[in-house]
Amino acid sequence: MTTPTVSWSKVSACRACLATDLRPLADFGATPLSDKLGTLPDSEQPAPKVPLELIFCNACRLPQLSVNVAPEAIYDADYPYYSSVSPHLSAHFAALAGETLEHLTGGLGAQQLKVLEAASNDGYLLRHFAAAGATVLGFDPSSGPASVARAMGVETKTEFFGLSAARALVRERGAFDVFLANNVLAHVPDLRGFVEAIAHVLRPGGMAVIEVPYLAHLVDGHAFDTIYHQHLCYFSLISLVQLFEGFGLGIVLVTSQPIHGGSIRLRIVKGASTSDTVRSMVRAETESGRNRFEFVQTIVQLADTVKTDLRNLLRELMRDGARIWAYGAAAKANTLLSFCGLGHDQIEAVADLNTHKHGLYMPGSDLRIMSPDEMKQAAPTHVLILAWNFREEILQQLEPMRANGTRFIIPVPRVEIV
C-alpha cells in the first residue's frame, strides 16, 4: 500500500511584504489536503499529509501558512467545488452583482462594462454581469467548473490568473473596468504578483471587488477549521491596506459579510487613495489588538476546546446507542475531522448536496460521501453539521429529519445540539 506524494515547500519570507521576521503561531499537525477526495477509503489508499502550521509576520501582521502546496496538486480536473450548488452562495453573489452594477451604472445598461473574474468557478457570479449586458471573462484552473461556466455562456480560460496572464490579456483586449475575486486572495501563493496583476489589468479608475475571510471574524467565531492548505493567508485590514497600496490600489470601502463564517468585501479603485473611513477602521482594529500575535494565537485554545467538547459529546452519544452521520463534505470539514481525530469509529458517513462528491471519500478517513436522500433513508439519530457556516440553510433542507426526531450537532463556534 503506497501513499501518494504531493509537492510542497517551506515559506522563507512573508507572502505580502517579503519580510523574513516570521514567528511560529500555531501547529495543527500534518493533515490531508482538503478537497482532495479519495476514490478509495484511506485504509486502502492513504492520503498524503502536509504540515498545517500558522506563522505570523511581525512586519505587516499577516498570519499565513508555513508551506506552499503546488497549486496544480489542488486545482486539477477533479476539483470538486461548485459554487452554484449552494442556494445561499448563489443568492449572496447575485446580490453582489446587483450592488456592483448599481454602483457602476446607476441601474442603466452594463453594455460598456468589461468584467474579469479570477477563480470564476462555474460562472456563478459572472453570469449575472453577462445577463446585464457586460462583456465578461473568467479565469479558473479547474476544468470541471470551467466547463460548466462555458456551457452557461460565460467565457472562461482554464488557467490561473496572474501577472503574465494579465499582461497578455491587456495586449489582446485592453484594460478592464471591473475585476472580481471572491474567496480567492487567500489561496494565492504569489500574493504580490496577483495584486500587481490586478493593478495591471484595470483601467485607471477601474474597480476591484474582492471578498476575503476576515481574521478577526475567524478568531471571534472560533473558526479554526477554516485553516487549511488552500487558505494560505488570514487577512487583517492593516495587512490588506499595506498590500494594495503598494501597487497603487486604494481601498475605498469595506463592508462586513456573513458568508464563510465572516468575511469582508473590499471595494478597491486603481489610482485612488485609501479612504479616511477605511483608515479609521484600521486604527480601530489596531487599538483593539485584533491584528496582534497574541489575539490570533487564541485560536489554538479555541480549537482545543472544540476538540475536547466534541469528542466527549460523541463518546457519550455512542455510549447511549446513537447513530451519527455528518453533513457537508466541505474543505473545512477536513481540518475539523483531522484535528479532532474523528472518522469511521464515530461517524457512519458524510452526506453532501454536491453530486460531484458522491461515492468519494473524505481525505484521511474511511468516511464515504453520500447523497442527502441516502442519509434520510439511513435515519441517523444525530447529524454533525460540518459545513456549519451554512447551518440555517442546511437545517432548513433537513427539516423533515428534524421533525422525525433527528438531532443536529453544531461544532463551531461552540459545540451544541439543536
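**View 1. Helix 9 against helix 10.** Helix 9 (residues 293-319) packs with helix 10 (residues 331-340) at an angle of about 70°, their axes 10 Å apart; axes are lines fitted to C-alpha atoms, for helices over the stretch in contact, and angles run from 0 to 180 degrees between N-to-C directions. Helix 9 is therefore roughly perpendicular to helix 10 (65 to 115 degrees). Ala-303, Asp-304, Lys-307, Leu-310 and Arg-311 of helix 9 make the contact with Leu-336, Phe-339 and Cys-340 of helix 10 (heavy atoms within 4.5 Å). Helices (H or I, at least four residues) and strands (E, at least two) are DSSP runs numbered from the N terminus. The model is predicted: local features need pLDDT of at least 70, side-chain atom pairs count only at pLDDT 80 or more, and totals for chains, interfaces and linings use all residues. Residues are numbered from 1 along each chain as its sequence is written, and side-chain values use heavy atoms, leaving out hydrogens and water.

View 2. In the order 2-3-4, 3 strands form an open sheet with antiparallel pairing (strands pair if DSSP finds at least two bridges between them). Strand 2 (22-32) and strand 4 (63-65) are the edge strands, each pairing on one side only. Neighbouring strands are turned by 20° against each other on average, direction ignored.

**View 3. Strand 3 beside strand 4.** Strand 3 (residues 49-57) pairs with strand 4 in the antiparallel sense over 3 bridges. Ile-55 has Gln-64 in strand 4 as its bridge partner.

**View 4. Helices on the sheet.** Helix 9 packs on the sheet and touches strand 2, strand 3 and strand 4. The direction of helix 9 makes about 25° with that of strand 2. Helix 10 lies across strand 2 and strand 3, running at about 85° to strand 2.

Notes:
Angles under 35 degrees count as roughly parallel, over 145 as roughly antiparallel, 65 to 115 as roughly perpendicular and the rest as oblique.
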